[in-house]
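This report describes the fold of one protein and then turns to its surface and its aromatic side chains. The sequence and the structure come first.

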Amino acid sequence: MAAAPVVRLPVFGLVRLLGLAASAAILVWAVHFRGGMALSSEKDKLLIFNVHPVLMLIGFVVLNSEAILAYKTVSGTKKLKKLVHLSLQFIAMILSIVGLWAVWKFHNEKAIDHLYTLHSWLGLSCIILFSIQWAAGFWTFWYPGGSRSGRASLLPWHVFFGVFLYVLAIATSVSGLLEKSIFMQSAKMIGRFSMEAMLMNLLGVLVILAAISPGAGKIDTYRGSSE
């Protein structure tokens with residue numbers, strides 16, 4: 001009896017497409033619906049806030065996903081793949097720090113308390129742990145570099161925490177979208193079934209799909225990276 005044909009789906013292309021769609025959606029929300037973004041604003045402080053979700057989603061979800069998949073999608077030597085991985089995650093980390101600074105500044109200028117929601121706890125934890133993870137990876141796998149046995153010992157933990165932090169970033173992003181949507185609806189800024197509310201719901205779906213579409217392949221992308 002003939003075996004069933006193997007259907008190979010363009011998984012990595014799908015991941016990138018979902019990432020681009022999520023990036024486009026958050027930019028449309030910030031620019032078209034919320035009036036744009038600014039690092040400083042005297043009239044509309046919400047423009048400062050808008051920087052936060054844009055940079056966090058593009059950094060922690062889109063760029064971080066690309067960094068994780070770099071060992072599969074980038075052609076060339078392992079050293080080049082490792083450099084791309086480190087560089088993308090470094091950019092993601094910088095964007096997240098600027099995003100954190102923006103929302104912190106917004107809270108200060110609007111006299112809003114800090115760190116009183118689950119989203120804020122998850123977000124701060126994600127940034128701190130992500131920074132530690134990147135620094136440990138840079139020190140061990142790039143420069144000055146650990147011993148072969150040390151790299152081999154750390155690799156499983158590096159992989160585990162990398163995937164864990166990616167999932168944490170997804171949870172943080174979705175909880176942030178939900179929180180913002182509820183705040184805006186409660187303040188009568190948007191209607192429950194308005195185009196903006198539907199866009200925010202769609203954005204949450206895109207973020208989740210971008211996370212689950214590669215499946216277990218995210219873990220496999222790290223294999224052999226300790227050399």
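A residue counts as buried when its relative accessible area is under 20%, as exposed when that value is over 50%, and as partly exposed in between. By that cut-off serine 181 is buried, because its relative accessible area is 5%. Serine 181 sits in helix H6, and, leaving aside residues up to four places away in sequence, its contacts are Ile190 and Met200. The model in which these values were computed is a predicted one.

**Overall fold**

The protein has eight helices and zero strands, so that the pattern read along the sequence is α-α-α-α-α-α-α-α. Of its 227 residues, 44% count as buried, and the accessible surface comes to about 12400 Å², with 71% of that area belonging to carbon and sulfur atoms. Among the contacts between residues at least 6 apart in sequence, 71% join residues that are at least 24 apart.

Just after H4, alanine 111 takes a positive phi of about 55°.

Ile128, Leu129, Ile132, Trp157, Phe160, Phe161 and Phe164 together make a nonpolar surface patch of about 710 Å². The elements that give two or more residues to this patch are helix H5 (118-142) and helix H6 (148-186), and the largest share, four residues, comes from H6.

How accessible are the aromatic members of the patch? The table lists the relative accessible area of each one together with its class.

| Residue | Relative accessible area | Class |
|---|---|---|
| Tryptophan 157 | 54% | exposed |
| Phenylalanine 160 | 47% | partly exposed |
| Phenylalanine 161 | 36% | partly exposed |
| Phenylalanine 164 | 38% | partly exposed |

Tryptophan 157 is classed as exposed because its 54% lies over the 50% cut-off, whereas phenylalanine 160, at 47%, falls into the partly exposed class.

**Aromatic pairs and the cluster**

The structure holds eight aromatic pairs. One of them joins tryptophan 157 and phenylalanine 160, whose rings are edge-to-face, with 6.5 Å from centre to centre and 85° between the planes. Why can these two side chains lie on one side of their helix? An α-helix has 3.6 residues a turn, so residues three or four places apart point the same way. Tryptophan 157 and phenylalanine 160 are three residues apart in helix H6, and therefore about one helical turn separates them.

Phenylalanine 160 also forms an aromatic pair with phenylalanine 161, and this pair is likewise edge-to-face, at 5.2 Å from centre to centre and 75° between the planes. Phenylalanine 164, too, has its place in helix H6, and Trp157, Phe160, Phe161 and Phe164 form one aromatic cluster. These four residues are also listed among the members of the nonpolar patch, while serine 181, likewise in helix H6, is buried at 5% relative accessible area.

Methods
Residues numbered from 1 in each chain as written. Predicted model: local features only at pLDDT ≥ 70, side-chain atom pairs only at ≥ 80, totals over all residues. Heavy atoms only, no water. Patch = residues over 30% accessible without salt bridge, like charges linked within 9 Å, V, L, I, M, F, W, Y side chains within 5 Å. Areas by Shrake-Rupley, 256 points an atom, 1.4 Å probe, with all protein chains shown as cover. Salt bridge = Lys/Arg side-chain N within 4 Å of Asp/Glu carboxyl O. Buried < 20%, exposed > 50% of the residue type's maximum accessible area, 1.4 Å probe, protein only. Contact = heavy atoms within 4.5 Å. Phe/Tyr/Trp six-rings, centres within 6.5 Å; stacked < 30°, edge-to-face > 60°.
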